[in-house]
Amino acid sequence: MAERERLAISRPKEGACGNTGTWRVFRPVVDKEKCNSCGMCAMYCPDGVIDENYEIDLVFCKGCGICATECPKKAIEMVREGNTTSQ
Amino acid sequence: MSGTSATEYICKCTSACAGCSSSLILRHVLKAAGPDTVLVVPACCTSVLQGVWPNTAFNIPIYNVAFAAAAAVASGMAAAFESLGKNTNVIAYAGDGGTVDIGIQAISGALERETNFLYICYDNEAYGNTGMQRSGSTPMGARTTTTPGGKTHKKKDLDRIIAAHHLPYMATACSAYPQDLVKKVQKALSIKGPKFMHILAPCPPGWRYDSSQTIEIGKMAVKTGLWAMYEREYDNLTINGPTKAAMIKPTPLEDYFKMQGRFSGLKEEQIRTIRGEMERNLRMLKAEAEGC
Ligand SMILES: Cc1ncc(C[n+]2csc(CCOP(=O)(O)OP(=O)(O)O)c2C)c(N)n1
Ligand code: SF4
Ligand code: SF4
Ligand code: SF4
Ligand SMILES: [Mg+2]
């Protein structure tokens, strides 16, 4: 075992690369009135931070804007982050 | 998305750039493959974006191996699983540099030995991880850090090199079409023996476009006909719908180039060369599909 523990093995962990939401310049805001639950945003989010209820995890969302571009209902708006980082 | 589980195999989040399409590809590849899968990753963006020891964002076993070695390591791993009587999926996930340039002998060997694995090359058309140097897969005219005036050589025709190995399954795909990608991964994994996928992976910092346009750029690559989508089972070619449409009514190539800063210095004669190469590729695919 001692031998094995010297191997460079990493273990899975949420936040392994920090809270990537702090990278954001623009934040996606979903208008639930316009959303028809088509699922495109969740399918296209490279980082899988949109859940089955189309809630966006802002702790990790990097603000790439793909979801807003691809939403067929134009239900997602990218809004500039303020000076105080929320979340 | 239909056809795959809701389970995610990548924890929030990797350190990939915002809007990275390679991350989108891998997310769907893992969902399509399921938990009984090991990944073999040579040096590339995917080795770096996992995180720093002792943590990783990946909830699946990954072997990070030397740049040229992905297909060789996967061969050994596939042999080990076979001798244990296990059906674990062995998937090599490598960049274009690690595939068309430095890893090509290992892939050729693994295909010739009929290794039971799936090799996926995600093609961001340069050495992304080290700062976008030109690779054999960089298209003509594209500016990279080692071709600041635009690449003078053509993109290597990797797929016909792979096809020359007459393998049971190979396919091209594009990150902008995740449903198609998932179907192809599932099909590949249902077949025993060597399988290969070449997936176009637009890269916002490397291709110099806004991260929100990642999917639009991938779709445009297909709609112009520049990136052809097809499947080849042994020597049986099927051209996929979006590429059939592009063969009939293509979007002008210029629409694709002008979306990306890397093509800002593209010369008329280079556009002619690229168009000529593209038309030749589509002609050859069409003739092959029609069996002549
Ligand atoms: C033998 C060797 N040469 C060079 C490197 C440095 N290196 C690490 S990743 C990389 C670029 C990989 O490019 P690609 O395979 O296209 O993947 P990408 O980074 O674009 O995802 C290079 C040059 C290395 N790790 N090993
Ligand atoms: S893409 Fe738009 S309409 Fe579809 S689920 Fe997402 S927010 Fe709703
Ligand atoms: S902005 Fe990008 S990272 Fe954030 S939810 Fe939308 S697609 Fe995902
Ligand atoms: S450089 Fe390109 S491929 Fe690499 S992580 Fe960034 S967006 Fe993805
Ligand atoms: Mg690359």
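B:Asn124 is buried, at a relative accessible area of 6%. B:Ala126 is buried too, at 4%. Buried means under 20% relative accessible area, exposed over 50%, and partly exposed in between (1.4 Å probe, protein chains only).

The model is predicted, so local features need pLDDT of at least 70 and side-chain atom pairs count only at pLDDT 80 or more, while totals for chains, interfaces and linings use all residues. Residues are numbered from 1 along each chain as its sequence is written, chains are lettered from A and ligands numbered from 1 in the order written, and side-chain values use heavy atoms, without hydrogens and water.

## The magnesium site

Which residues coordinate the magnesium ion (ligand 5)? They are B:Asp96 (OD), B:Asn124 (OD1) and B:Ala126 (O), at 2.0 to 2.1 Å. Along the chain, these donors follow the spacing D-x27-N-x1-A. Donors are N, O and S atoms within 2.8 Å of the metal (3.2 Å for Na, K and Ca); water is not among the atoms, so sites may look incomplete.

## Ligand 3

Ligand 3 sits in the largest cavity. A cavity is a set of points, on a 1 Å grid over the protein atoms alone, where a 1.4 Å probe fits but cannot get out. To sit there, a molecule needs more than half of its atoms within 2 Å of the grid points.

The residues around ligand 3 include A:Cys45, A:Cys61, A:Cys64 and A:Cys67, each with a heavy atom within 4 Å. The shell divides into 9 nonpolar, 2 polar and 1 charged. Ala, Val, Leu, Ile, Met, Phe, Trp, Tyr, Cys and Pro count as nonpolar, Asp, Glu, Lys and Arg as charged, and the others, Gly among them, as polar.

## Ligand 2

Ligand 2 sits in the second largest cavity. Among its surrounding residues are A:Cys35, A:Cys38, A:Cys41 and A:Cys71. This shell has 8 nonpolar, 3 polar and 1 charged.

How values were computed. On a 1 Å grid over the protein atoms alone, a cavity is a set of points where a 1.4 Å probe fits but cannot get out, and a pocket is an open set with protein on both sides within 12 Å along at least five of seven lines; lining residues have an atom within 4 Å of a point.
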